[in-house]
Amino acid sequence: MTEHAVRSLGFGLGLRPQHYPAILDGAPAEAAHGVDWFEIISENYMVDGGRPLAKLTAIRERYPMVMHGVSLSIGSTDPLDTDYLARLKALAARIEPAIVSDHLCWTGVAGLNMHDLLPLPLTEEALAHVCTRVDAVQSFLGREIALENASTYVTFANDAIPEWEFLGEIARRTGCRLLLDVNNVYVSAFNHDFRATDYIDAIPREAVAYIHLAGHEHNKTYIIDTHDHPVVEDVWRLYAHAIRRFGAVATMIERDDKIPPLAELTAELAHARKVAANALKQPAQVA
């Protein structure tokens, strides 16, 4: 799919099993209560059959989709898991997503999966290592991927490159796209005491494929990215700043816990449309 086609998907939600009935009970020609597309967690559907895959196939007949993974472990020093990549490629062939995305992180080493999105040392050595692996993944899949900035809670003493420059350089060297999680920028900025707008302003405009929005848990001295609350006002303001910089980029809302009825999420998605529309009326910000 072309860059323009990905960016112009519109406004989407993460596909969750709790919402299957509400989505499939709608008329095929009608967007699911204002949802233009859905993002799936790739690993939930990397199987040969079963009810989830059947539901996914039925929903895919009506709506565009994006695949979003949590297990690529692009930053690990373990060899790339070719069995995982083969199953990922097969799922992509089945549902023809607009793009396949995962996180800039590592999830384990020496065969151990930590089941968490762990931060990378932001060094030239790590940058070269990640770029080599991104090239290999894109070659294996036969398509470009998008990498998401993860929320972080610690940094490395030998960090030498700001995260935003690290991300941008990966995109420049490999041709991969970026999945900009605005909430994650906000969370990491608070936790590490940098300006969230500086991060947004340094990301290459042409590299952003789509945007994530989500809620978090604020604990006064630190923030945890929980995806179990509505988007907060400060993140909405940062999202508006991002839209002024990047233009009308496809946007979605994630909710992974305390999942409300679909109507509640689509109301929040309608607010995202409003924030984006208002931001687009304001002067573009170019850095």
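## A guided tour of the structure

Select S73, which lies in the loop between β3 (65-68) and α4 (82-95). Helices and strands are DSSP runs numbered from the N terminus: helices are H or I with at least four residues, strands are E with at least two. The model is a predicted one, in which local features need pLDDT of at least 70 and side-chain atom pairs count only at pLDDT 80 or more, whereas totals for chains, interfaces and linings use all residues. Residues are numbered from 1 along each chain as its sequence is written, and side-chain values use heavy atoms, with hydrogens and water left out.

Most residues other than glycine have a negative phi. S73 has 8% relative accessibility and therefore counts as buried; the term buried means under 20% relative accessible area, with exposed over 50% and partly exposed in between, for a 1.4 Å probe and protein chains only.

Next, select H227, in the loop between β11 (223-224) and α9. H227 is not a glycine either, and its phi is positive, near 55°. Its relative accessibility is 10%, so H227 too counts as buried.

**The largest pocket**

Pockets and cavities are found on a 1 Å grid over the protein atoms alone: a cavity is a set of points where a 1.4 Å probe fits but cannot get out, a pocket is an open set with protein on both sides within 12 Å along at least five of seven lines, and lining residues have an atom within 4 Å of a point. Grid points are joined across faces, edges and corners, and a volume is the space filled by probe spheres set on the points.

Which strand gives the largest share of the lining of the largest pocket? Colour β6 (residues 112-118), which supplies four residues. By type, the lining comprises nine nonpolar, eleven polar and seven charged residues. In this division Ala, Val, Leu, Ile, Met, Phe, Trp, Tyr, Cys and Pro are nonpolar, Asp, Glu, Lys and Arg are charged, and the others, Gly among them, are polar.

**The largest cavity**

The structure holds two cavities of 30 Å³ or more. For the largest cavity, of about 50 Å³, select the lining: S42, G69, L72, Y84, L88, V100, S101, D102, V137, L141 and I145. The elements giving two or more residues to this lining are α4, β4 (100-103) and α5 (124-141). The largest share, three residues, comes from β4.

**Helix α5**

V137 and L141 from the cavity lining are also among the buried residues of α5, with A126, L127, V130, C131, R133, V134 and Q138. Display α4, β7 and α6 as well, which are included in what covers these residues. The expected span of a helix is 1.5 Å times one less than its number of residues; for the 18 residues of α5 this gives 26 Å, and the end C-alpha atoms are 26 Å apart, which agrees. After α5 comes G142, with a positive phi near 70°.

**T152 and H192**

Move to T152, in the loop between β7 (145-148) and α6 (163-174). Its relative accessible area is 10%, so T152 is buried. Draw the distance from its side chain to that of H192: the two make a polar contact at 2.8 Å. A polar contact is a pair of N or O atoms within 3.5 Å; within protein, one must be able to donate a hydrogen and the other to accept it, and residues adjacent in sequence count only if both atoms are side-chain atoms. Beyond four places in sequence, T152 is in contact (heavy atoms within 4.5 Å) with P119, E163, S188, N191 and H192.

Finish at α9, residues 233-246, where 14 residues should span 20 Å and the end C-alpha atoms are 20 Å apart, in agreement. Eleven of the 14 residues are buried, so α9 is largely enclosed by the rest of the structure. One of them, F246, has 2% relative accessibility and touches R7, L180, I200, I203, P204, R205 and V208, leaving aside residues up to four places away in sequence. Just after α9, G247 has a positive phi of about 90°.

Finally, select T251 in β12 (residues 250-253). T251 is buried at 0% relative accessible area. Among the residues it touches are Y239 and I243, both of which are buried residues of α9.
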